[in-house]
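Please read this briefing with the sequence and the 3D view side by side. It starts from a single side chain and then moves on to other topics.

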Amino acid sequence: MTLFWPRWLTALLVGIAAAAAGPTPLECPLPDGPGSASPAVCARYTACVWTGTSCRLTDRVGYRVQKTAGNRGSTRHLRLTKLTDATLFGGDVQELALTVTRYDRQRMRLTFRDSARPRYEVPLALDLPSPGVRAPRRTEYGIHLPGRRSPEPFSVGVSHAGRHALRVLPQLTYSDQFIEVTLQLAAQDVYGMGENNHDSFRHDLDAAITWPIFARDHPPESARENLYGAHPFFAAIEDDSGRSFGVLFLSSNAMEYKVFRLNGTAAVTFRTVGGILDMCLFFGRSPLEVLRQYHLTIGRPALPSYWALGFQLSRFGYRGTDDIRRIHARNRAAGIPQDVQYSDIDYMDTRRDFTVQPKQFGDLAKLVGELRGEGVHLALIYDPALAIDFGSYPPVDRGVAADVFVRWCNSSLVPPDQCVGCRDYVVGYVWPQNKTLFPDFFQSATVSWWTDEMRRFSEMAGGPDGFWIDMNEPSNFGTNMDKPFNWPNNLPPWSLKCPQNNIDSPPYPTMYVRDPDNESKRLSDKTICMSTKHINDVFPAPFTRPAYRHPGSSERRHRGHRAWRKHSLANQPPQDRQELLHYDTHNLYGWSETHATRRAMDVVLGGRRGLLVGRSTFPGAGRWASHWFGDNTARWNDMHRSVVRMFEFGMFGIPHVGADICGFNGNTTENLCLRWMQLGAFYPFCRNHNTDDGIEQDPAAWPSVAAASRDALGLRYRLLPYLYTLMYHAAAFGATVVRPLAFEFPTHPELRGVDTQFLWGSGVMVAPILSEQSQTRVQVTFPPGDWFDLRNGSLAHSSNVTTAVTYYVPLSQMIPVFARGGAALPMQPNASTTAESRRGAFWLGVFGRRARGELYWDDGESSDSLDSGHFYHCFFHFSGGVLKTLVDSAQTQWMETPLLQRIMFHGVPKPASVTADGTTVPAAQIRYESGVLTVTVQLHMGKDHVVQLYPGKESVP
């Protein structure tokens with residue numbers, strides 16, 4: 001519902017305003033960071049005031065309500081006008097149009113636009129109901145808006161279940177190239193925002209760290225750096241009831257955020273350098289409910305191929321196909337299951353896409369066939385940048401003919417040393433031995449060209465099933481420097497150099513530029529220039545005309561902040577072809593390439609899902625691809641960070657994720673790799689990968705690691721039917737796969753900081769060893785309930801309160817993995833590949849005296865399995881000694897052995913007898929040992945069944 005300010009809240013705001021007397025608690029956003037604050041620096045900005053120790057925003061910053069346009073069904077419109085002339089960087093928007101939209105009971109939106117002119121908006125089509133003529137009834141949230149011509153500074157309050165949830169503070173800044181908003185939250189536990197290398201899952205409010213969001217080719221290190229993708233979404237747990245909410249700041253410009261403590265509760269300051277202020281809010285009785293709403297909005301994740309859940313092996317630096325054969329054979333001989341084999345850019349001819357190095361990789365197509373014969377799939381890497389080898393490299397020639405590359409936004413910016421044949425395209429340098437061009441994946445012509453090149457190459461390379469897209473932030477080496485690090489020594493120095501204008505050097509460059517690893521101290525560091533453009537006719541874009549100044553000469557930039565409207569992108573082509581600045585869409589580049597590659601795969605694979613793994617992501621990318629965490633390092637701390645990032649990408653709607661097991665950069669050690677293989681066996685995306693100058697680290701490189709890998713991967717492969725069912729829930733309903741304890745048990749505040757163990761769904765808990773100082777011990781936090789040790793089937797812990805227990809785990813033992821009491825987990829016998837394991841019959845693990853579960857099954861690779869209804873599905877219920885299997889889709893044609901063959905009951909007393917569908921099970925098929933009852937049956941999966949345990953004497957009270 002929408003409400004005006006209650007009197008008590010109005011009085012409170014008036015009191016706060018009167019007491020403010022100038023400064024607010026919010027820091028002034030100085031371009032060089034808070035460390036640059038001084039009286040002189042603070043005085044440059046009339047929106048800031050020096051307090052004697054720090055530079056703060058004044059209470060003169062913000063807007064007030066000029067008029068309200070009434071309530072029109074599910075939307076409400078307000079006109080806001082700027083309070084004063086206090087400014088940060090000039091170009092302030094004097095009047096804002098606020099649209100409040102209530103979509104349904106749990107989703108709403110606050111959109112602030114310039115009332116005078118359109119600005120860039122993110123071309124992401126959200127799956128939201130159309131605003132109706134009637135407002136949704138009984139919403140979980142309430143919206144508290146100030147009345148018409150209210151004298152107080154504008155602010156918005158939002159309640160959840162009748163209690164205050166968050167407030168948009170009055171200090172709203174909105175100008176041509178800078179927007180800042182602060183939300184005060186009625187919560188202490190805040191999670192999300194990224195992609196960053198967070199050391200903990202829950203944000204440390206007292207640390208008050210400012211983090212950048214700007215897609216960059218940068219390995220996860222130890223600083224406050226931004227990484228490969230952009231996900232401006234957070235969730236907060238409000239109180240002990242578990243009620244939660246989430247906020248998406250829908251922006252694709254350079255951003256930064258700060259999570260901190262303000263007046264005793266959490267607050268989030270969000271800043272961006274363009275576009276509009278667009279906030280989508282989600283509410284639920286638990287964090288998982290909030291995330292489900294978010295995932296339904298941005299697009300549910302794709303269901304991966306079944307084989308993509310198997311173990312995957314890779315490295316940068318294979319010396320040829322025979323080297324791949326050698327490593328693969330070594331692991332096969334060691335009993336390591338494997339479903340996917342990769343080749344990095346080593347297979348390419350001079351590191352160019354769509355080519356094969358003829359000497360060492362000349363029989364690549366043969367290798368693809370050999371591996372496929374063993375049930376193993378080959379995945380190849382592709383980079384977006386193409387070498388300018390005109391006349392000798394057909395893919396780039398065809399690309400130029402189709403005009404598919406990113407170009408400068410106007411001809412005046414084309415460098416004087418532009419290469420012959422490069423037109424007005426932006427030219428860079430990456431891995432090939434020549435300069436490169438960058439495809440513009442916003443164009444339908446580019447999607448068609450990319451599809452055709454993928455098709456041509458796939459036919460030549462034997463039809464690999466995996467597509468690994470890298471370097472798509474997009475990465476460019478040496479931007480604004482003397483030369484790239486890998487520039488040929490026999491050539492004069494050269495690099496892509498970006499112009500000095502307000503687009504490539506905005507007045508507030510964000511925390512990204514202050515990163516110590518940003519060598520050029522510009523937004524374009526290690527990427528292409530912001531003053532380039534894309535032609536968009538693929539994604540809907542309602543408003544695409546920027547309000548920025550012309551990115552030309554320094555003389556032009558002084559014509560006033562409205563001058564940009566007279567140039568370049570101001571005169572837009574028809575709505576079906578829109579020009580977008582890279583300044584606005586940089587964070588969407590990898591997202592757009594992911595979409596184009598999925599479209600290409602639909603053609604190349606002929607209706608099979610294949611495997612698409614991408615590096616740079618944005619909200620909605622999970623609809624098309626999986627994600628790996630990039631170039632991590634072989635160190636213990638990176639193991640812990642990988643758990644945190646699994647949680648975060650589960651929030652972001654990309655469940656099939658994982659880190660490079662054993663570490664990409666640096667040399668791993670035997671013990672580190674052993675513990676990492678045990679952890680990585682429970683990443684949804686399970687791949688061992690490392691760099692070209694590192695030692696061999698495949699599981700068979702050490703006998704101890706091979707033994708640990710066999711155990712851990714063996715358990716993984718047995719649990720794959722359960723994991724695949726979780727992936728089905730994500731794809732069909734927006735559920736999460738890997739979960740933190742805090743989200744599964746939201747009414748237990750003591751679990752909200754636990755980020756060293758994780759759950760698969762609600763039924764399996766993994767407790768990895770992550771510390772170099774404690775390689776044989778791990779403290780396991782048990783939430784209330786019964787927990788069974790999957791290493792031996794015994795009841796490990798039972799309590800109605802949270803308990804911490806220390807486990808001693810020798811290096812020769814598996815890390816602790818537990819099944820939760822109440823879970824019924826479908827399984828299959830493990831095998832060397834999923835192609836082999838899928839041929840087996842099914843097992844069912846039943847944990848506790850009451851349990852439930854389900855199984856989803858299809859052919860494992862058809863793209864339309866869900867949409868076409870071509871799948872099998874059943875439920876398992878166990879209570880009172882009776883197990884029922886209830887089939888609601890009996891399509892057992894997807895199963896090679898459609899039998900439930902073994903049922904393991906954990907935590908039940910020994911029965912006197914067992915019947916299956918009324919027939920007594922022979923005693924020879926029943927075994928009771930160490931609290932585990934194993935019943936061998938032959939139950940066809942296409943029918944409902946009842947298995948009953950009849951109590952023995954010892955089970956009678």
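A polar atom of the S200 side chain lies 2.9 Å from the backbone oxygen of R202, which is a polar contact, meaning a pair of N or O atoms within 3.5 Å in which, within protein, one must be able to donate a hydrogen and the other to accept it, while residues adjacent in sequence count only if both atoms are side-chain atoms. The model is predicted, and local features need pLDDT of at least 70, side-chain atom pairs count only at pLDDT 80 or more, and totals for chains, interfaces and linings use all residues. Residues are numbered from 1 along each chain as its sequence is written, and side-chain values use heavy atoms, with hydrogens and water left out.

**Two loop residues**

- S200 sits in the loop between β14 (189-196) and β15 (210-213), where helices (H or I, at least four residues) and strands (E, at least two) are DSSP runs, numbered from the N terminus.
- With 31% relative accessibility, S200 counts as partly exposed; buried means under 20% relative accessible area, exposed over 50%, and partly exposed in between, for a 1.4 Å probe and protein chains only.
- Leaving aside neighbours within four places in sequence, S200 is in contact with V644 and D755, contact being heavy atoms within 4.5 Å.
- Although S200 and T756 are 556 residues apart in sequence, their C-alpha atoms are 9.1 Å apart in space.
- T527 belongs to the loop between α8 (511-514) and β29 (532-536), and T527 counts as buried because its relative accessibility is 2%.
- A polar atom of the T527 side chain lies 2.6 Å from the backbone oxygen of P474, and the contacts of T527, apart from neighbours within four places in sequence, are P474, N476, T479, L496, H582 and H586.

**Nonpolar cores**

- The largest nonpolar core has 284 residues, and those with the most contacts inside it are F112, L185, M279 and F905; such a core is a set of buried Ala, Val, Leu, Ile, Met, Phe, Trp, Tyr and Cys residues joined through side-chain atoms within 4.5 Å.
- Helix α14 (residues 720-733) gives the most to this core, with 10 residues.
- A second, separate core of 20 residues includes C28, L30, L169 and A267.

**Strands and a helix**

- Strand β9 (residues 141-145) is largely enclosed by the rest of the structure, because five of its five residues are buried.
- In a regular strand the side chains alternate between the two faces of the sheet.
- On one side of β9 lie Y141, I143 and L145, on the other G142 and H144, and all of these are buried, so that both faces are covered.
- β9 pairs in the antiparallel sense with strand β10 (residues 156-160) over four bridges, a pairing that requires DSSP to find at least two bridges between the strands, and the bridge partner of G142 in β10 is S159.
- An open sheet of six strands runs in the order β36-β37-β38-β43-β40-β41, with antiparallel pairing, and its edge strands, β36 (738-739) and β41 (795-799), each pair on one side only.
- Helix α11 (residues 636-651) has 16 residues and reaches 24 Å from its first C-alpha to its last, close to the 22 Å expected at 1.5 Å a residue, where the expected span is 1.5 Å times one less than the number of residues.
- Of the 16 residues of α11, 15 are buried, which leaves the helix mostly covered.

**Cysteines**

- The structure holds five disulfides, each a pair of cysteine sulfur atoms within 2.5 Å.
- C419 and C422 form a disulfide with their sulfur atoms 1.9 Å apart, and the torsion about their S-S bond is about -105°, so this disulfide is left-handed.
- C498 and C529 are joined by a disulfide, S to S 2.0 Å, which links distant parts of the chain 31 residues apart, and both cysteines are buried.
- C662 and C673 are joined by a disulfide, S to S 2.1 Å, and this link, with 80° about the S-S bond, is right-handed.
- The sulfur of C409 is too far for a bond, because the closest cysteine sulfur, in C529, is 10 Å away.
- C686 is in no disulfide either, and the nearest cysteine sulfur, that of C662, is 10 Å away.
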